[in-house]
Amino acid sequence: MAWRNFYNEIKGLKLNELPSHVKPLLSIENVKKAVVRGLDNYNEKYIQTGSIDPLYHVCFGGMIFSYLVALPEERRHLEHQQHAKEHGH
């Protein structure tokens, strides 16, 4: 919903007007307010209701994070294996 509102706001702007419209939205204070508002909404939606969803979020987030951390090393192994296969090792 927020993306749709943002799109509707910038839809009528000219390209040279866009930076002056977006820059105040990306100020440190606005970003801090957005993060606090998001954390408050998460707390209200999941923590205060006693839902088990935050546990799932931590588990799946940890799995995704560990996958992304290990990905470069796995790619290096695959590239080395492919290189060895091409050169007959």
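The fold is helical. Four helices and 0 strands were assigned. Read from the N terminus, the elements follow the order α-α-α-α. The radius of gyration is 22 Å, well over the 12 Å that the globule rule gives for 89 residues, so the protein is more spread out than a compact globule. Along the principal axes, the C-alpha atoms fill a box of roughly 60 × 45 × 25 Å. Buried residues account for 4% of the 89 residues. A residue counts as buried when its relative accessible area is under 20%.

Helix H4 covers residues 53–86. Leu68 lies in this helix. Its relative accessibility is 52%. Leu68 therefore counts as exposed, because the cut-off for that class is over 50%. Leu68 also belongs to a nonpolar patch on the surface.

Helix H1 spans residues 2–11. Glu9 is placed within it. Is Glu9 buried, exposed or partly exposed, and which value decides this? The relative accessible area of Glu9 is 43%, so this residue is partly exposed. That class lies between the buried limit of 20% and the exposed limit of 50%. Glu9 and Lys33 are 24 residues apart along the chain. Their C-alpha atoms are separated by 20 Å.

Charge was examined over the whole protein. There are 11 positive and 10 negative charges. The mean position of the positive charges is 8 Å from the mean position of the negative charges.

In outline, the predicted model has 4 helices and is more spread out than a compact globule.

Definitions and conventions
Residues numbered from 1 in each chain as written. Predicted model: local features only at pLDDT ≥ 70, side-chain atom pairs only at ≥ 80, totals over all residues. Heavy atoms only, no water. Patch = residues over 30% accessible without salt bridge, like charges linked within 9 Å, V, L, I, M, F, W, Y side chains within 5 Å. Areas by Shrake-Rupley, 256 points an atom, 1.4 Å probe, with all protein chains shown as cover. Salt bridge = Lys/Arg side-chain N within 4 Å of Asp/Glu carboxyl O. Helix = DSSP H or I, 4+ residues; strand = E, 2+ residues; numbered from the N terminus. Buried < 20%, exposed > 50% of the residue type's maximum accessible area, 1.4 Å probe, protein only. Rg over C-alpha atoms; globule rule 2.2 N^0.38 Å. Lys, Arg positive; Asp, Glu negative; His and termini not counted. Charge placed at Lys NZ, Arg CZ, Asp CG, Glu CD.
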